[in-house]
Amino acid sequence: MNLELIKTIEQTLYREARLLDQERYKEWVGMLTEDIHYHMPGIETRYRRDKTEQVHDLSRMAFYNDNLEDLKKRLRRLESGTAWSEDPATRYTHMITNIEVVPTEKEDEVLVYSNFLAYRNRNEKDQDTLIGNREDIWRKTAEGYKLTKRMIILKQNVLLSKNLNVYL
Amino acid sequence: MKIEKFKDNGRYDSYMNLDEGWLDRRVFWEQSIYEREMEQIFARCWLFVAHDSQVPNPGDFLTTYMGEDGVIVCRQKDNSVKVFLNSCPHRGNKVSFADAGNTRRFVCNYHGWGFGTDGALMGMHEEYCYDAGDIDKSQWGLKQVAKVGNYKGLIFATFDEEAPSLENYLGDFRWYLDMLLDNEEGGTELIGGCIKSVIGANWKFGVENFIGDAYHAGWTHDSGARAMNNGQPFPAIDMKNSYHASVNGHGWEFGTEGMGDLVLLGRPKVLEYYNKIRPKMAERLGEMRSKIFGSVASASIFPNVSFLPGISTFRQWMPKGPTQFELRTWVIVNKNMPDDIKEEITKGVMQTFGPGGAFEMDDGENWENCTLTNRGVVTRREKLHYRSGISRRIEHPELPGIVYQGQYNDANQRNMYQRWLDLMHAESWKDVPEQYSPRLNGKETMGPKAGFKAG
């Protein structure tokens, strides 16, 4: 894997994180391909012997199981000006680490593993921290690398927050 | 200014007046009131514990809570369901740490006491440590609930031997529940998995919101409505042809326009599907119920289950102290729907009423602050206003229950708190007064004529 490509992917992930921190969602959507699949399954605690497919079975409950249209629909809420629980604004920091870039069978696509720590704080002292892994496919386009698939594995069983007004 | 100190003597008449329409905020705050709720309400009422579809096969189990008591719900070989405490009678440890699964036995990690899927004690590690006469195994199984019941796929349990039958507990509310549970041949199922989240609010705020608070929707959820429905605001409410209906503390608020909630789900294919089956629905449930289903509506089963018929979110508010609850969210669909409609509904629910949903995100913050402002000792003594629509009670020939006209109303909330008050004061179920005399006692709940006022 050439170092330049790894550097390019890292910078792309950091740029994406910065756009999310700054709520620049239009530009963030610009980093997604038309056929994006954005998935964060809800994972129950089960015994090791239990082979229920909880991650890849798309018919099960998921925090996110979205295509581009679905994501845009969610984001339209913020454009209305009446998303009361976003005003005053939530303060976000996304930290992205453990980036691994792996070639795929498709020449224009790379598999990218990363970990995230997303911190939220709002109003007086509401705060929470979401930590987990991501498994992405990034595709090379004329406008740089774009995200075409993301699987997010959050490490909480009970989401220790009242909502998920955040993209990971 | 007279400072009135809070003293909990088990009487709460001075903390609400439902004829005048107000509540004292301390019912959402005080630890001693919360603990009494656990005894008087959660240890006595029928509580939802599972849907049939979550435990279809013998040995299938899930873990949940009845109040703050952890329980296991397990399907038996004879297809019945048993519900017992998830706590070993030896030292008290949990015997299952999974949310769900399939098993032949539950074994405690501490000393290896093993229990059958019926909760009976089968044996233990190093059994020779017990001499003859030390233990009668038949007496030391996992503690069973008093009764288990099932209404059209919803499994309920109660810790109280004296509780009325589930049929009487739900009473005429079954007429309304049939719209959710029996609007199509084959009944319902829950989509696999469960989304759990934590909200720092009193559990009653969630229940009362779904039991009757259509009023908040147009304002709180303006942004959600516009997101899901092409920039359109929340649908207009017809105050003449919309209602509150309450039975035994349960409540359903609804319009009769047939499509409001279905539109807000933001999935046109689902609206199309229901419009297609609506004539059949009218044959099953009557014209009136087929027009109510899909309208702007929300409902709660006392004490802590809520749902949106049409939007298809089904949820339970698990109390975790006076200022916190755990919200469990499921998606309820008709078993006989094609897979693509089930998928559309599942996606729609998680985009509206999951933790990342366009509607839900604005609710949690409201309820948290409705609760936490009461940290202030002066604030906490102030009243809250619950008088909206207090003079709009009507007798409706087709709608059973205590019915109020106009969906913007606090009627169901007042009736829920009346039930709360009655249970908090009652020594036993015999002391819980009837709020209303049922139309459906011993009668069929289905069909076009069910629920009509006699004569």
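The contact between the two chains takes 33 residues from chain A and 39 residues from chain B, two residues being in contact if their C-beta atoms, placed from the backbone, lie within 7 Å. On the chain B side, β7 (100-102), β14 (195-199), α6 (222-228), β20 (325-334), α10 (339-352) and α11 (360-372) each supply at least two residues. Helices (H or I, at least four residues) and strands (E, at least two) are DSSP runs, numbered from the N terminus. The residues of chain B that touch chain A comprise 15 nonpolar, 13 polar and 11 charged; Ala, Val, Leu, Ile, Met, Phe, Trp, Tyr, Cys and Pro count as nonpolar, Asp, Glu, Lys and Arg as charged, and the others, Gly among them, as polar.

The model is predicted, with local features needing pLDDT of at least 70 and side-chain atom pairs counting only at pLDDT 80 or more, while totals for chains, interfaces and linings use all residues. Residues are numbered from 1 along each chain as its sequence is written, and chains are lettered from A and ligands numbered from 1 in the order in which they are written. The predictor gives the complex an ipTM of 0.95 and a pTM of 0.97. For chain B the average pLDDT (the predictor's confidence in each residue, from 0 to 100) is 96, and 99% of the residues score at least 70.

Strand pairing also links the chains. Strand β7 (residues 158-159) of chain A pairs with β14(B) in the parallel sense over two bridges, where pairing requires that DSSP find at least two bridges between two strands. Leu159(A) has Ser197(B) as its bridge partner in β14(B).

Within chain A, six strands form an open sheet of mixed pairing in the order β2-β1-β6-β5-β4-β3. Its edge strands, β2 (62-66) and β3 (91-103), each pair on one side only. β3(A) runs antiparallel to strand β4 (residues 109-122) of chain A, over 11 bridges, and Val101(A) has Val112(A) as its bridge partner in β4(A).

Chain B contains 13 helices and 23 strands. Its C-alpha trace spans about 75 × 65 × 50 Å along the principal axes. Of its 455 residues, 51% count as buried, that is, with 20 or more other C-beta atoms within 10 Å of their own, C-beta atoms being placed from the backbone. Helix α4 (residues 203-212) of chain B is mostly covered, with 10 of its 10 residues buried; among them are Trp203(B), Phe205(B), Glu208(B) and Phe210(B).

Conventions
A residue is buried if 20 or more other C-beta atoms lie within 10 Å of its own, exposed if 12 or fewer, and partly exposed in between; C-beta atoms are placed from the backbone.
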